[in-house]
Amino acid sequence: MKYSKSLSLAAMACALVIPIAHPVQAETKLRLGHWIPASHPMSIWMQKWADGITKKSGGKLSVPVFPGGQLGGPRQQYDNVRRGVVDISVIALGYTSDRFPIATMIDMPFLGFKSSAQGTAVLNDAGLRQKYFDKEARGLKPLIFFTNQPHQMFSAKKAIRTPADMQGQRLRASGVTPRVFLKMAGASPVGLPSSQLSDSLEKGLIDGMVMDYGAVGLAFKLGPLIKYGSEVNVYLSPFAIIMNPKSYAALKGDHKKLFDQSLVGQDKGIAKVWDGSDSAGKAAVLKAGVQIITLSDAERAKFKALSAKVIDTAIEQRENKGVPARKAFDDILAVVKRVTSQK
């Protein structure tokens with residue numbers, strides 16, 4: 001009995017000196033699937049962002065990336081994230097304009113944007129996000145809104161100097177308002193995934209497109225298939241990096257802190273990526289032999305006159321659906337004027 005009692009006392013003593021094990025945070029994976037080609041500067045940025053999170057967490061928080069539509073095309077990304085097919089993705093708001101009727105008003109023509117930096121600053125304005133944009137992202141957690149750089153007009157057959165030159169042209173554009181703009185100019189707007197542009201141009205299914213230099217010259221290498229590029233800075237397109245709310249809520253402790261910190265200031269970094277692709281894209285277009293056309297003040301004035309009608313029509317269409325578009329556009333326009341007036 002004494003021997004057994006001694007063993008029991010010894011066991012208790014050992015238990016007292018054994019350190020208490022603290023729970024170790026388990027490895028977490030966040031799947032990032034998107035539709036942008038792997039060679040596109042934005043796709044490269046996302047890979048670096050994901051790699052940075054993995055590296056800083058020592059591999060405990062990893063973000064495997066599936067670019068180029070491996071897990072679905074651009075129109076599927078909203079639902080992919082909402083349903084948890086992926087945790088994070090990028091959406092082009094123009095493909096889901098019915099869900100973002102206010103945020104997509106930033107693609108109204110001729111608002112005076114000269115860069116992605118300006119458009120991105122407007123979409124991430126704290127007041128506008130709180131009042132309008134974040135509320136439209138139902139079933140999602142919007143991380144960062146951004147825009148590409150302003151679009152130009154590219155044609156395979158006919159130089160475009162005025163709206164009259166667009167008559168009968170089959171031009172690709174994304175977004176509701178851009179298509180209204182083309183239709184009111186007498187063109188035939190074509191809704192077409194960017195991945196099909198090259199084939200469509202080669203087969204003569206479209207006559208051109210309204211896109212940024214980076215996409216035309218670098219991402220899709222369309223320079224050899226077009227003859228003219230008209231520098232009009234007609235509009236820009238809005239995008240967002242989105243996340244499944246449950247996936248975000250599941251992040252705890254150091255993982256959540258690291259993830260949140262990884263987003264700080266990245267809106268400016270993304271805009272720099274887009275704006276940086278502009279000159280390189282233009283160089284590629286010029287190398288391919290595309291004739292660049294600079295509009296005169298008189299020619300530009302004709303586009304602006306048309307744009308005023310397009311904006312009124314686009315706002316009226318939204319108002320008819322119960323969207324407070326006129327008040328929202330006034331609020332957006334106030335921020336646009338402030339941002340575009342800054343040096």
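Student: At what angle do helix H2 and helix H11 pack, and how far apart are their axes?

Tutor: In this predicted model, helix H2, residues 41-56, packs with helix H11, residues 266-287, at an angle of about 145°, and their axes are 9 Å apart. The crossing of H2 and H11 is right-handed. On the side of H2 the contact is made by Pro 41, Met 42, Trp 45 and Trp 49, and on the side of H11 by Gln 266, Ile 270, Val 273, Trp 274 and Ser 277.

Student: What classes of residue make up the contact of H2 with H11?

Tutor: The contact has seven nonpolar and two polar residues, and no charged ones.

Student: Why is Ser 230 called buried?

Tutor: A residue counts as buried when its relative accessible area is under 20%, and Ser 230 has a value of 1%, so it is called buried. Ser 230 has its place in strand S11, residues 228-231, and, leaving aside its neighbours within four places in sequence, Ser 230 is in contact with Gln 152, Met 153, Ile 160 and Ile 293.

Student: How do you know whether Phe 110 is buried or exposed?

Tutor: The relative accessible area of Phe 110 is 16%, and the cut-off is under 20%, so Phe 110 is buried. Phe 110 lies in the loop between strand S5 and helix H4, and has a positive phi of about 55° although it is not a glycine.

Student: What makes Lys 221 count as exposed?

Tutor: Exposed means over 50%, and Lys 221 has 56% relative accessibility, so it counts as exposed. Lys 221 lies in the loop between helix H8 and S11, and its phi is near 50°, a positive value in a residue other than glycine.

Definitions and conventions:
Residues numbered from 1 in each chain as written. Predicted model: local features only at pLDDT ≥ 70, side-chain atom pairs only at ≥ 80, totals over all residues. Heavy atoms only, no water. Axes fitted to C-alpha atoms, helices over the stretch in contact; angles between N-to-C directions. Helix = DSSP H or I, 4+ residues; strand = E, 2+ residues; numbered from the N terminus. Left-handed = near helix turned anticlockwise from the far one by under 90°. Contact = heavy atoms within 4.5 Å. Nonpolar A, V, L, I, M, F, W, Y, C, P; charged D, E, K, R; others polar. Buried < 20%, exposed > 50% of the residue type's maximum accessible area, 1.4 Å probe, protein only.
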